[in-house]
Each structure stands twice: as structure tokens, then as C-alpha cells.
Amino acid sequence: MTFSRNDAAALASAAMESARVHVLPRFRRLDPGEIAEKSGPGDLVTVADLETEAALTAWIAAHLPSARVVGEEAAAADPALASGLGSAELAVVIDPVDGTWNFRVGLSVFGLILAVVEGGRTRWGAILDPVIGDRVEAWSDGPARLIGADGATRALSCDRLTDPARMSGFIHTTYAPADRRGALHEAGLRFADMRALRCSAHEYRLIAMGQASFCLSFLLNPWDHLAGCLAVKRAGGVARQLDGTAYGPGTMSAAPLLVASNEEAWQIASGIFRPALGLD
């Protein structure tokens with residue numbers, strides 16, 4: 001089956017409804033027993049993650065029965081689920097609550113991310129903000145758009161900045177090689193501002209909306225990056241790994257992922273980060 005515009009609208013609506021039912025009622029109301037660690041204290045899962053993913057998985061089975069579902073929490077239990085996306089005929093990738101640490105501590109910097117892979121390529125992606133009720137959405141053959149809670153839309157464009165002294169962005173130093181974190185921090189000081197929101201959803205939204213210039217990531221989970229990379233590229237930006245590999249569903253390279261607002265900005269940021277990471 002071919003994933004259509006109507007399918008996308010229905011899936012986005014189902015995702016927002018799932019967040020309304022399973023996520024928002026628990027925001028700042030989580031009981032300790034509703035939170036668990038996965039790989040460590042910064043890698044959390046809550047009952048909201050699990051219930052939202054389960055609800056969307058059931059919706060997809062009913063409405064897109066030929067689609068394979070790759071949810072973050074299901075893949076945490078069975079990592080093999082995420083393999084083979086580069087050859088998938090149709091797959092839906094779900095991050096039910098991106099920014100779970102923020103959600104757990106009561107910061108409203110979290111989102112829900114959806115990506116549809118068709119023929120081994122990212123066909124559609126959406127990054128939802130359940131608190132506001134809007135989403136950033138992109139098709140592989142169309143512009144990135146902000147779709148408001150009222151249905152109003154506007155096309156998005158990345159910034160055109162190329163001077164590091166004016167560029168701000170996100171660097172996930174926590175996940176960088178331990179022996180390179182100091183050098184990476186020093187490299188980041190060459191930019192106007194560097195930070196990490198602990199939420200790929202909002203980091204990608206800001207780059208696609210022209211409010212940030214780059215993001216350097218070391219964990220390349222498809223539920224974190226497929227939709228965001230598509231949105232940034234359709235807004236005029238660039239998404240490549242530091243070894244030059246184009247990031248996508250079939251990515252095999254482990255090189256860090258650098259997303260930037262334009263090609264010159266990518267080259268400049270790459271030239272700053274590669275030496276800091278010992279890649280030159």
C-alpha cells in the first residue's frame with residue numbers, strides 16, 4: 001500500500017489524541033512507580049511512553065495493516081525490530097514521548113515523533129508538540145510546514161547564517177566519547193551559543209523554523225532523527241554524518257550526525273567538530 005496524504009493526516013490526528021489521553025494527564029502527575037530506568041538514570045521510560053506507543057501501534061495495525069511498526073519502547077525490548085528499515089516497503093517509526101527526562105521532571109520540552117519509511121526512504125515525518133497542539137511536518141517531495149492546532153499552516157525555512165559567532169545550536173556532549181568531551185566543549189565555545197534540550201523533537205523543530213543553526217548527535221536512533229532530518233532538509237538544511245554519509249533509514253555508519261541549517265554552515269561546523277573529535 002502507498003502512504004497517502006489522508007493517511008498522514010489521520011495518523012497525526014491519532015497521535016495527538018493518544019498524547020491527549022495518555023501523556024498530558026500525567027504531566028507533572030507521575031507516580032514514582034510509573035517511571036523506570038532503561039540504560040541508566042538519564043534514559044527513562046514512563047507509563048505515558050508505553051501506553052502512547054501501544055495505542056499508536058494498535059491504530060496502525062487497524063488502519064495501515066501492511067505497515068511494520070518500530071516503536072522506541074518495543075525496540076528497547078527487542079533491538080532487532082529496528083533492523084532492516086533501509087529495505088522496508090512500509091514502516092512507521094514512533095517515539096511516543098521524546099524528551100522523557102524533561103517530561104518526568106516537569107519541563108514542557110517534550111514531543112511525539114513519527115516517521116514513515118516507504119521503499120527504504122523517509123517519506124513523511126511529523127514532530128508534534130502535545131502541549132501546544134501543533135506539529136512540524138514534511139514530505140520527501142514537499143516543503144516543511146508548521147501546522148497549528150487550528151489547522152493554519154506556514155512554510156518553514158532554515159536560517160542562512162554562516163558565521164560561527166552568530167550561530168547557535170545543540171551538542172550532545174553526554175554521549176560523545178569521554179576522552180573527547182573537553183575538546184568538544186572548547187570547540188563549541190566558538191559558536192554564539194551551544195546547549196542541549198534533552199529533546200530531539202524541539203531541537204529539530206527549532207532548526208527547521210530558523211531559530212537554531214546546527215545539532216551534533218552521537219546516538220543515531222531512527223525514532224529520534226528520521227523525521228527531524230527530513231524536516232530540516234525540506235526547510236533548506238543539511239543532514240549528514242561527519243564521515244560524509246547521508247543519514248537515513250538504512251544508515252550503517254556510526255559517525256556522529258551533524259544537522260545544519262545550510263550547506264556552508266554544515267561545512268563550517270564540521271570543520272570545527274571533526275578535529276575536536278579526533279577525526280582529522
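Visitor: What makes strand β7 and strand β8 a pair, and in which sense do they run, parallel or antiparallel?

Guide: This is a predicted model, in which local features need pLDDT of at least 70 and side-chain atom pairs count only at pLDDT 80 or more, while totals for chains, interfaces and linings use all residues. Residues are numbered from 1 along each chain as its sequence is written, and side-chain values use heavy atoms, with hydrogens and water left out. Helices (H or I, at least four residues) and strands (E, at least two) are DSSP runs, numbered from the N terminus. Two strands pair if DSSP finds at least two bridges between them. Strand β7 (residues 134-139) and strand β8 (residues 145-147) have 3 bridges in the antiparallel sense, so they meet that definition. Arg 135 has Ile 147 in β8 as its bridge partner.

Visitor: Why are β3 and β9 called edge strands of their sheet?

Guide: The open sheet has 7 strands in the order β3-β4-β5-β6-β7-β8-β9, with mixed pairing. β3 (68-71) and β9 (153-155) each have a single partner strand, so one side of each lacks a neighbour in the sheet. From one strand to the next, the twist averages 20°.

Visitor: Which strands does α1 touch when it packs on that sheet?

Guide: Contact means heavy atoms within 4.5 Å. Helix α1 touches β4, β5 (111-118), β6 (121-129) and β7, and its direction makes about 35° with that of β6. Helix α2 packs there as well, touching β3, β4 and β5, at about 155° to the direction of β4. Such angles run from 0 to 180 degrees between N-to-C directions, and axes are lines fitted to C-alpha atoms, for helices over the stretch in contact.

Visitor: Why is α1 called roughly antiparallel to α2?

Guide: Helix α1 (residues 5-23) and helix α2 (residues 47-63) pack at about 150°, with axes 9 Å apart. Angles under 35 degrees count as roughly parallel, over 145 as roughly antiparallel, 65 to 115 as roughly perpendicular and the rest as oblique. The angle therefore makes α1 roughly antiparallel to α2. Among the residues making the contact are Ala 10 and Leu 11 of α1 and Trp 59 and Ile 60 of α2.

Visitor: What makes α6 roughly parallel to α7?

Guide: Helix α6 (residues 200-208) and helix α7 (residues 222-234) pack at about 5°, with their axes 9 Å apart. That angle makes α6 roughly parallel to α7. The residues that meet include Tyr 204 in α6 and His 225 in α7.

Visitor: How do you know that Ala 91 is buried?

Guide: Buried means under 20% relative accessible area, exposed over 50%, partly exposed in between (1.4 Å probe, protein chains only). Ala 91 has 0% relative accessibility and therefore counts as buried. Ala 91 lies in strand β4 (residues 90-98). Neighbours within four places in sequence aside, Ala 91 is in contact with Arg 68, Leu 85, Ala 115, Val 116 and Val 117.

Visitor: What is the order of the strands in the 5-strand sheet?

Guide: The order is β11-β10-β12-β14-β13, in an open sheet with mixed pairing. β11 (193-195) and β13 (238-241) each have a single partner strand, so they stand at the edges.
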